[in-house]
Amino acid sequence: MFRTTFPVAALALSTTLLSSLPVAAETFRWAGTTDPQTMDPHAVNAAPVLSFLNNVYEGLVRRDPEMGVEPSLATSWEALPDGAGWRFTLREGVTFHDGSEFNADDVIFSYERAVSEASDVRSWFASVTEVVRVDDFTVDFVTTAPNPLFPGSIANFMILDSGWAAENGADLPARDAENHATRNANGTGPFMLAARNPGIETRLVPNENWWDTAGHNVTEAIFTPIGNPATGLAALLSGEIDFISPIPLQDAEQVEERDGFEVLAGLETRVIMLGFGHDHDSLLYSEETTGANPFHDPRVRRAVAQAIDVETIDRVIMRGAAEPASQLVPAGLSGYSDDHADRPDYDPDAARALLDEAGYGDGFSFGLMCPNDRYINDEAVCRAVASMLARIGVEANVNAMPVRGYWDELRADNFDMYLLGWSPGTFDAEHPIRFLAHTPTERLGTWNFGGYSNQRIDALLAPIQSEVDPAARQAMLDEVAGILQEDVAYVPLYTQPLIWAMQENVDVVQRPDDFFMLRWVTVN
Amino acid sequence: MLAVEGLSVQFTDRFGTNMAVEDVSLSVDRGEIHGLVGESGAGKSTIGAAIMGLLPAAGQVTAGRMTLGETDLRALTPVAAHRLRGKRISMIFQDPQTSLNPLMTVEAQLIETILAHEDIGVAAARARAVSLLEEIGIANAKDRIRAYPHQFSGGMRQRVVIALALCSNPELIIADEPTTALDVAVQAQVLDLIRRLASTRGVGFILITHDIGVIAQVSDRVTVLRGGKVMEQGQTLRVLGQPEHPYTKALMAAVPPLDRKLDRFHLPRIAGEALPQAETDTARVAEDWLMAGTGSGPGPSLDLSGITVRFRGERRGLFGPRDDFVALDDVSLSVRPGTVMGLVGESGSGKSTLAKVIAALVHPAEGEMRLDGAALPPMRARRRADPSRRLVQMVFQDPYSSLNSRHRVLDVLSEPLWLYGLEPDARRRARLARAMLALVGLDASAADRYPHQFSGGQRQRIAVARALLSRPGLLLCDEPTSALDVSIQAQILNLLKDLQARFGLTTLFISHNLAVVRQMSDDIAVLKEGRLIETGPSEAFFAGPDAAYSRDLLAQTPTVRFDMRAV
Amino acid sequence: MVAFAVKRLIQSVFVMLAVAFLAFSLFAFVGDPIAQMTGVETSLEDQDRLREDLGLNDPFVVQFTRFTGDMLRGEFGYSFRTREPIGAMILSRLPATLELGTVALLISLIVGIPAGIYTALRPRGVISQSLLIGTLIGVSIPTFVIGILLIFLFGVQLGWLPTYGRGGTVEIGWWRSSLFTAQGWRSLILPAITLGLFQLTLTMRLVRAQMMEVMRTDHIRFAIARGVPWRSIRYRHALPNTMIPVITIIGLQFGGVIAFSIVTESVFQWPGMGLLFLESIRFVDIPVMSVYLVVIAFFFVVINLAVDLLYVAIDPRLRVKESF
Amino acid sequence: MLTRLMRNEGVWLFTRSPAAILAAIATLAIVAGAAFAPWIAPTNPYDLASFSLIDGLLPPAWEDGGSPRFLLGTDDQGRDMLSSILYGARLSLSIAAMAMAVALLLGVGLGLAAGYLGGRFDAIVMRIADVQLALPAILTALLIDGISRGILPREMHDDLRVTVITLAIALSLWVNFARTARASVFVERSKDYVSAAIMMGQHPLRIMLRHILPNIVGPLLVIATVDLASAILLEATLSFLGVGLPADSPSLGTLIRIGMQYLLSGEWWILWIPTVFLVVLVVAINLLGDFLRDLFNPGMR
């Protein structure tokens with residue numbers, strides 16, 4: 001039983017040769033830092049998994065290159081009367097990769113699977129009470145309250161074939177042990193899973209029977225996780241792979257300058273910000289301020305915001321690829337408040353004055369928690385922040401740690417200030433309000449580690465969620481953004497850049513959520 | 001056949017050059033055994049190595065001629081010299097345990113050596129090897145040739161070594177201390193073999209040894225060396241019988257005779273060597289201190305009964321019994337107060353083990369010990385504070401390992417005083433230690449130096465001083481002189497005799513050398529393979545031992561047999 | 001002999017038990033896996049339920065007993081992260097690490113032993129001195145720097161060799177091998193050199209020291225004195241005696257090679273156990289970390305055992321007992 | 001006298017070994033630079049207010065765009081590379097030395113006792129050593145990190161990094177010392193001076209420490225030197241694997257880890273200057289180790 005595979009070399013040797021020829025189609029190799037840990041679309045709610053599986057599975061709706069919502073397995077949708085939910089009309093004539101037909105049963109099955117206890121994506125359906133099958137190609141999602149953004153919030157809700165799942169014992173997402181769906185997939189998407197070798201490589205082949213017109217010319221796509229950035233870059237430069245995401249910011253220029261390579265730099269929807277320990281009575285990592293928490297004072301928080309030279313951080317550390325941020329969501333995102341687009345000026349003198357005013361003219365020291373492998377140059381940014389704060393007499397003791405222990409530390413309140421990056425899963429400004437700004441409760445404000453609390457914001461969340469009128473909704477969002485800015489609840493620093501690198505002959509589309517869609521890839 | 005004229009060898013080290021061999025001339029004829037005798041540092045091995053062309057890198061022949069037959073050995077290229085080795089000159093080393101490649105069968109080593117020098121087939125080489133082994137005295141050579149070296153006993157192994165040296169029919173064999181590592185019985189056999197080979201095969205031998213007895217027994221001519229220079233040379237009978245050079249005379253005077261007991265060795269002064277000056281005022285301090293402690297009476301008596309020692313062996317098979325080794329089997333022995341008991345036996349006879357049992361270093365499986373009538377607890381039962389710890393002291397065989405080389409002599413000597421609480425004051429301890437050095441014949445300044453700065457004899461004196469500083473009653477001397485040159489041995493034996501007589505120490509004196517034991521002991525005990533063969537008064541024993549084994553032992557001890565003792 | 005083997009076996013069991021305990025204590029002390037297993041939007045109560053489901057709230061003793069029992073039954077559990085059975089995960093990664101380790105060790109032996117012999121026989125030669133200094137510098141550069149340097153020199157600048165992964169592989173049963181394709185071999189070269197360099201220096205220096213030691217022994221001097229040809233003295237007499245202690249160290253080295261392949265695998269994205277281990281550290285996949293630890297220890301113990309037995313096979317002093 | 005003679009022999013050999021002389025000079029220079037870093041370094045890289053991001057990524061002074069203020073350039077935070085390296089060497093050396101000291105104490109203690117007492121104790125110690133050898137250093141580091149976080153109060157976590165990495169390195173080095181000490185003790189124990197001490201009824205501890213220990217320092221010293229080099233490398237490797245030291249108090253290993261990010265970016269000095277520095281240091285220490293080995297093992301000369 002010999003099965004031979006001849007990947008890389010033949011390709012590496014021939015790229016130069018082939019790239020000059022008009023090639024209709026090509027094996028496409030790409031790499032990322034992390035392997036999607038499962039092929040089950042409901043088992044893990046994590047970007048690497050969802051991004052990858054969007055090539056294999058499809059949802060009722062999908063996002064276009066500009067993040068707009070467009071029809072996918074549903075051809076159209078409309079709100080039910082009285083905001084009771086949403087009705088989706090399903091696409092007819094769609095088949096799964098194994099040939100079985102797609103219909104309303106699969107949607108209902110997938111819904112039930114996604115809200116099962118073993119699922120990691122239950123939160124998407126927090127407001128859904130029931131899904132009703134109207135006919136073979138119509139389903140109703142019944143919600144507790146009006147939910148204008150519901151269709152967009154389920155763009156990553158992927159539909160499995162009910163028959164296939166039942167046959168293979170994959171009725172539920174794998175929780176303890178793996179099941180058939182962990183390593184196999186049967187979606188409706190543009191690509192089919194051909195071979196899965198976890199942590200090593202995953203092969204996809206085009207779905208010839210895809211309902212949509214294929215915009216790509218890929219005959220086979222192979223994904224390899226490469227954890228070490230230098231190794232990944234070397235693989236690209238030596239021609240062994242066609243595409244890699246991300247590459248280190250500092251290397252972008254060098255790659256760009258080399259013949260035959262291209263760098264695509266854009267902005268992610270992730271805003272990097274500093275959070276404060278609002279509900280801490282005292283600073284944990286300070287010698288001078290026993291019993292007090294200077295960050296209770298908005299003037300101190302504002303001083304911090306004004307002491308940080310985001311422009312220089314962008315220029316030196318982020319190589320000019322980032323974009324200073326003023327709110328918890330990046331400019332241009334749905335719900336972004338244009339009224340509050342200005343961030344506080346960099347003004348160390350003003351900052352020092354504010355500290356003086358607040359009674360901390362002599363400065364104080366505190367602990368700044370920071371991940372060192374989560375965001376781009378996260379640790380360097382923290383150190384730069386610390387260095388800048390030192391200039392207004394505030395000493396930040398940076399504790400940078402791998403993300404594996406980071407959230408635990410934050411949940412255990414082991415910080416005075418911390419660095420956080422937030423990318424709204426729904427691509428709407430409501431998302432960070434729900435998770436970061438609302439007073440922490442069992443279900444809301446779950447990532448509001450500092451315990452920021454503002455009654456007005458708490459009161460506005462529900463109306464924002466259910467308001468159907470865009471203008472009224474935006475007014476409420478503007479108000480929240482204003483409060484957050486006034487309070488300096490967080491110090492938004494910048495929108496994180498997104499750097500992709502590829503061979504010159506590859507064309508891709510970079511979507512702000514960092515999802516890599518094979519269906520937009522062409523190899524020339 | 002071999003002629004060496006005016007040979008000088010020079011060694012270069014970081015202190016400059018020094019002459020290891022200076023203007024040495026000697027010759028060896030066919031079938032002749034030429035003995036090279038001398039104490040350590042005499043340059044005898046260097047002469048052998050120079051003839052072989054195997055001087056270490058630092059050594060260099062600076063003058064002289066060496067010819068083997070018509071061949072000028074100094075003119076040979078390295079390749080030619082290597083071809084000559086084995087073919088015309090071969091060599092036997094001291095230790096048969098390490099002289100053979102442990103990973104090759106005897107057969108492979110023999111055949112390889114033969115084929116290296118002669119253009120014959122493997123079968124012929126094997127035949128020659130077998131017959132050679134037979135000639136050398138290995139029975140059933142046809143089968144045993146396939147064995148590995150470790151499967152032979154020490155004596156047999158030395159025969160194999162000789163066979164290897166002989167297998168390519170060399171004209172000359174340089175035997176460097178070939179019997180030093182062997183027991184007397186085996187030594188006698190090997191010496192016989194060498195004698196026989198010289199006469200039957202006409203091989204010339206250069207026999208390098210420190211043992212005048214060995215020389216006396218087998219060599220035709222002898223060269224006495226000292227400090228790289230020839231002291232005296234001539235027919236063995238003449239040189240040993242009527243030595244002319246004072247050094248030879250001194251050497252002969254230091255050889256312990258087997259046939260009588262000397263009160264002391266009469267050691268003529270040799271230029272450059274200071275003899276111990278024990279009778280000084282300083283030494284008197286130590287002497288008085290010792291006397292004050294032990295009183296005037298003789299030391300305690302030692303009674304051993306039924307001492308049995310077993311060493312744990314490996315299990316035979318998974319659940320099989322252990323192959324225990326019985327080192328001592330029901331040994332009972334009494335040492336009278338203030339007397340010297342000589343304990344003799346071949347290696348492995350258990351004599352050192354017995355000393356260790358008494359010293360609580362080995363635990364006896366059975367048996368009882370009494371010191372002056374009181375029970376002397378065995379190893380595990382003897383507490384660290386037991387009074388016998390102080391009373392029983394030991395002088396070890398190897399003076400290079402018995403003193404901690406990282407401690408100053410003063411520290412070594414003060415330790416017992418401190419440990420046994422004999423002298424609480426550090427300054428007084430130091431004074432006493434220096435006094436004791438004087439008593440054992442060393443300069444008091446020795447206290448400030450480290451052991452390695454002393455010669456073997458001096459170190460053994462320090463070891464004796466350490467033992468005395470416990471104010472012992474019983475002194476265990478385990479081969480105290482076997483690592484020493486004969487003249488030094490005589491000095492140490494004199495020292496021990498003096499001290500024993502003066503302080504009435506009860507002494508157990510262990511040696512493999514009957515002649516030495518005779519000089520020391522009042523009573524004697526013979527051990528063989530862990531069993532006591534006989535025991536009794538020394539003079540009676542040497543007049544005529546009871547046991548056949550003792551008689552053999554006595555007969556095989558090489559002695560300066562013909563009456564050479566003019567002095 | 002049998003008794004010896006049984007004794008070693010019992011000792012090995014002790015070692016394995018101790019390692020199992022350490023492996024298990026990872027569960028108790030290293031991070032909280034729940035945060036890694038769930039996504040951003042999972043509610044806290046869901047996280048608690050998951051923790052309960054996985055038995056992470058049970059008392060230490062209960063968890064340890066369960067762990068050891070599972071290990072003994074060969075049930076290695078499931079990865080927190082991917083939910084795959086860990087036994088299969090390790091098994092699929094094992095061939096890559098073993099092949100890399102073996103080739104690295106072979107390189108270190110094939111180059112290291114002759115170099116050691118050469119430097120022992122010509123200790124003052126220019127080549128010897130440069131070999132010694134060169135390898136010294138080699139081991140003084142951190143492995144990861146060497147790996148990256150090799151990648152950029154031979155992969156990116158010269159374009160001669162692949163920079164990551166295993167290249168072409170062939171499956172023989174469950175064993176995925178890169179030894180049967182030219183591409184696989186090309187992919188193997190850089191990581192094997194990186195991994196082998198340190199071992200090479202060790203081997204070379206060890207062989208050199210042993211060889212010089214052996215060349216001074218009596219039996220070699222005796223062989224010289226009886227005119228045995230130099231070639232035979234060096235290679236038939238000295239070398240085998242040199243190799244006996246060397247074998248032990250090489251055995252130990254193989255264990256070390258497998259353990260140290262972590263860095264090399266990380267640099268070359270070599271899909272072996274080391275990479276799996278690093279990933280499991282990154283994602284706090286504690287069951288995988290534990291099993292990795294147990295497997296590595298098992299290898300180590302087995303190799304040690306094998307070396308002890310090999311020793312007996314090679315040395316006649318241990319093999320042939322009866323004497324005349 | 002003994003030491004003087006030893007020293008003389010050492011000095012004599014030393015003067016004849018250019019490699020050893022060069023190595024000693026390099027080691028001394030680096031150690032001195034590290035020891036006096038607070039006085040000779042242009043800036044204090046730990047003082048956040050002393051550098052500015054504005055100065056970030058400046059090349060060494062001799063390159064275009066370099067500033068004479070920063071002889072070896074600056075890193076991505078605007079820190080002076082020369083100062084970082086000196087302070088980094090200080091940290092690396094002290095961690096390595098501490099780790100070595102701990103390993104030495106632990107290893108020699110256990111090895112000495114195992115070799116002297118033999119029997120069951122010896123068997124247990126050697127099995128523990130086997131277990132230790134079966135654990136990769138990174139795993140040891142993680143375990144210690146995890147355990148210390150588990151049992152120590154929160155406030156101490158920050159200060160733990162150095163301790164954790166020191167302990168992890170120490171734990172992966174002690175086996176070497178234990179094995180060497182044990183083997184040497186076996187040799188020494190068969191010597192008569194030990195028998196004499198036992199016979200006299202001296203306390204085992206005194207025999208081990210006062211009698212045997214001084215006699216086995218030679219091989220231990222060699223191991224210590226070589227392991228000092230390994231400790232420095234191990235620290236760098238652990239940093240590379242992400243269990244090393246934080247970037248605000250960078251060791252040489254951390255500097256290299258940070259520098260790795262600039263391998264291709266053109267800012268070569270951030271990676272290569274600390275790397276060359278580390279390599280020179282390790283080579284020098286290893287050369288000294290070689291020299292000591294030859295000194296204590298005369299046959300190798």
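User: In chain A, how many bridges join strand 13 (residues 323–324) to strand 17?
Analyst: The model is predicted. In it, strand 13 of chain A and strand 17 of chain A run antiparallel. One facing pair sets A:Pro324 opposite A:Tyr494 of strand 17. The number of bridges joining strand 13 to strand 17 is 2.

User: Over how many bridges do strand 12 (residues 261–276) of chain A and strand 17 of chain A pair?
Analyst: These two strands also pair in the antiparallel sense. A:Leu274 has its bridge partner in strand 17, namely A:Val491. The count of bridges between strand 12 and strand 17 is 12.

User: Which residue of strand 17 of chain A stands opposite A:Phe243?
Analyst: Look at strand 11 (residues 243–245) of chain A, which pairs with strand 17 of chain A in the antiparallel sense. That pairing spans 2 bridges. The residue opposite A:Phe243 is A:Met502.

User: Why is strand 17 (residues 490–503) of chain A described as largely enclosed by the rest of the structure?
Analyst: Burial is judged by counting other C-beta atoms within 10 Å, and 20 or more make a residue buried. Strand 17 of chain A is largely enclosed because its buried residues number 14 of the 14.

User: Which pair of chains shares the most contacts?
Analyst: There are 5 pairs of chains in contact.

User: On the side of chain C that touches chain A, which element gives the most residues?
Analyst: The contact uses 50 residues of chain C and 46 residues of chain A. Elements giving two or more residues on the chain C side include helix 3 (44–53), helix 8 (182–215) and helix 10 (230–268). By class, that side holds 19 nonpolar, 19 polar and 12 charged residues. With 5 residues, the element giving the most is helix 7 of chain C.

User: How many charged residues lie on the side of chain D that touches chain B?
Analyst: Here 17 residues of chain D meet 23 residues of chain B. On the chain D side, helix 8 gives the most, with 7 residues. The classes there are 9 nonpolar and 6 polar, and the number of charged residues is 2.

User: What share of the residues in chain D is buried?
Analyst: Chain D has 12 helices and 0 strands. Its C-alpha atoms fill a box of roughly 75 × 55 × 30 Å along the principal axes. Of its contacts between residues at least 6 apart in sequence, 70% join residues at least 24 apart. Out of 301 residues, the buried share is 57%.

User: What is the strand order of the open sheet of 6 strands in chain B?
Analyst: Pairing in this sheet is mixed. Its edge strands are strand 16 (392–395) and strand 20 (531–537), each pairing on one side only. From one strand to the next, the twist averages 15 degrees. The order is 16-17-18-13-19-20.

User: Which residue of strand 19 of chain B is the bridge partner of B:Val344?
Analyst: Strand 13 (residues 340–344) and strand 19 (residues 523–528) of chain B run parallel, joined by 4 bridges. The bridge partner of B:Val344 is B:Val526.

User: Which elements of chain B do the buried residues of helix 11 pack against?
Analyst: Helix 11 (residues 246–254) of chain B has several buried residues, among them B:Tyr247, B:Leu251 and B:Met252. The elements they pack against are helix 9, strand 9, strand 10, helix 10 and helix 18 of chain B.

User: How many Å separate the centres of domain 2 and domain 3 of chain B?
Analyst: Domain 2 of chain B covers 99–167, and domain 3 covers 280–301 + 338–360 + 383–556. Taken over C-alpha atoms, the separation of their centres is 44 Å.

Conventions: Residues are numbered from 1 along each chain as its sequence is written. Chains are lettered from A and ligands numbered from 1 in the order in which they are written. This is a predicted model: local features need pLDDT of at least 70, side-chain atom pairs count only at pLDDT 80 or more; totals for chains, interfaces and linings use all residues. A residue is buried if 20 or more other C-beta atoms lie within 10 Å of its own, exposed if 12 or fewer, and partly exposed in between; C-beta atoms are placed from the backbone. Two residues are in contact if their C-beta atoms, placed from the backbone, lie within 7 Å. Ala, Val, Leu, Ile, Met, Phe, Trp, Tyr, Cys and Pro count as nonpolar, Asp, Glu, Lys and Arg as charged, and the others, Gly among them, as polar. Two strands pair if DSSP finds at least two bridges between them. Domain bounds come from an automatic or database domain assignment. Axes are lines fitted to C-alpha atoms, for helices over the stretch in contact, and angles run from 0 to 180 degrees between N-to-C directions.
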